[in-house]
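Let's take a friendly walk through this model, from a single side chain to the strands, the cores and the aromatic rings. Have the structure open as you read.

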Amino acid sequence: MDNVRKSITETLRNFTIFKKLNEKELESIIDISSVRSYNQKMMVFMQDEDLDRVFFIQSGKVKIYRTDINGNEQIVSILENGEMFPHVGFFRKGNFPAHAEVIEKASLIVIPIDEFEGVLLNSPEMCIKLFNVLGEKIVDLQNRLEEQILHNTFEQIVMLLLRLCKTNGVKVDKYYRLSTQFTNREFANMIGTSRETVSRTLTQLKKDSFIKVDSDGYYLIDYDQLHSEIL
């Protein structure tokens, strides 16, 4: 097995939708996979381009965001190694629903959708696992919509920080250390508010010792204490 094929095998085996596949089933996925390298700020795809492939992050970070007719940016998520995108790719014809930009040099495994669909036809079990992954993403999107409808801006910012602890954080003692250096503008773009509002809220949360910034510029979040703010 050459090094590229070996790296693809080791990476895909750790994804939820592939974990329980036998060797023959996994080989059928590896046969249609390739690896691409992207430097920082490179676009993986643009919103509304033909949706013809799905990506699995081997290393690096990718920002998924949408833009409206005025060019305003709405960040959907920041994805890291071990995640796939776009999740609608295997079951939706048409165009990419958002932009994907590399924010930290990345190695991505690429699978053409038409070839993957052929593999799925021979693996009902894989279809079920993929539906489970998509179901989790749907629940997450429903929760975000509920946050915007039922909660004020302060609560939305708190909920965003709590969510990022789970998706982009590493537990360090009583804190979660965010693994991405988010700017106030990026926080604002995630929930559709202003940078100034985020800045004021974060300043208050720092004064209350719910969050702090370490020497490298990464946020440390006291999850339990911060969670108590919205109970």
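Thr 9 sits in helix α1 of this predicted model. Is Thr 9 buried or exposed? Its relative accessibility is 5%, so Thr 9 counts as buried, the cut-off being under 20%. A polar atom of the Thr 9 side chain lies 2.8 Å from the backbone oxygen of Arg 5.

Now to the strands, with β3 as the guide. Of the 15 residues of β3, 12 are buried, so the strand is largely enclosed by the rest of the structure.

| Partner of β3 | Bridges | Direction | A residue pair |
|---|---|---|---|
| β6 | 11 bridges | antiparallel | Ser 59 and Ser 107 |
| β4 | 7 bridges | antiparallel | Tyr 65 and Ile 75 |
| β5 | 2 bridges | antiparallel | Phe 56 and Met 84 |

The hairpin of β3 and β4 has 5 residues between its strands, and there Gly 71 takes a positive phi near 85°. Tyr 65 also has a charged neighbour: Lys 63 lies over the face of its ring, 4.9 Å from the ring centre.

Next, the nonpolar interior. In soluble globular proteins, nonpolar side chains tend to be buried together. Which residues touch the most other members of the largest nonpolar core? They are Phe 18, Phe 56 and Phe 85, in a core of 39 residues. Among the elements that give two or more residues to this core are the helices α1, α2, α3 and α4 and the strands β3 and β5. β6 gives the most to this core, with 7 residues. A second, separate core has 26 residues, including Leu 164, Ile 191, Tyr 219 and Ile 221.

Finally, the aromatic rings. The model holds 8 aromatic pairs. In one of them, the ring centres of Phe 187 and Tyr 219 are 5.8 Å apart and the planes stand at 65°, so this pair is edge-to-face, a class that needs an angle over 60 degrees. Phe 187 belongs to helix α6 and Tyr 219 to strand β10, so the pair links distant parts of the chain, 32 residues apart. Both partners are buried: Phe 187 has a relative accessible area of 2%, and Tyr 219 has a relative accessibility of 8%. Elsewhere, Phe 45, Phe 55, Phe 85 and Phe 96 form one aromatic cluster. Arg 177 lies over the face of Tyr 218, at 4.2 Å from the ring centre.

Key:
Residues are numbered from 1 along each chain as its sequence is written. This is a predicted model: local features need pLDDT of at least 70, side-chain atom pairs count only at pLDDT 80 or more; totals for chains, interfaces and linings use all residues. Side-chain values use heavy atoms; hydrogens and water are left out. Rings of Phe, Tyr and Trp (its six-membered ring) pair if their centres lie within 6.5 Å; planes under 30 degrees apart count as stacked, over 60 as edge-to-face and the rest as tilted. Helices (H or I, at least four residues) and strands (E, at least two) are DSSP runs, numbered from the N terminus. Buried means under 20% relative accessible area, exposed over 50%, partly exposed in between (1.4 Å probe, protein chains only). A charge sits over a ring if NZ of Lys or CZ of Arg is within 6 Å of the ring centre and within 35 degrees of the ring normal. A nonpolar core is a set of buried Ala, Val, Leu, Ile, Met, Phe, Trp, Tyr and Cys residues joined through side-chain atoms within 4.5 Å. A polar contact is a pair of N or O atoms within 3.5 Å; within protein, one must be able to donate a hydrogen and the other to accept it, and residues adjacent in sequence count only if both atoms are side-chain atoms. Two strands pair if DSSP finds at least two bridges between them.
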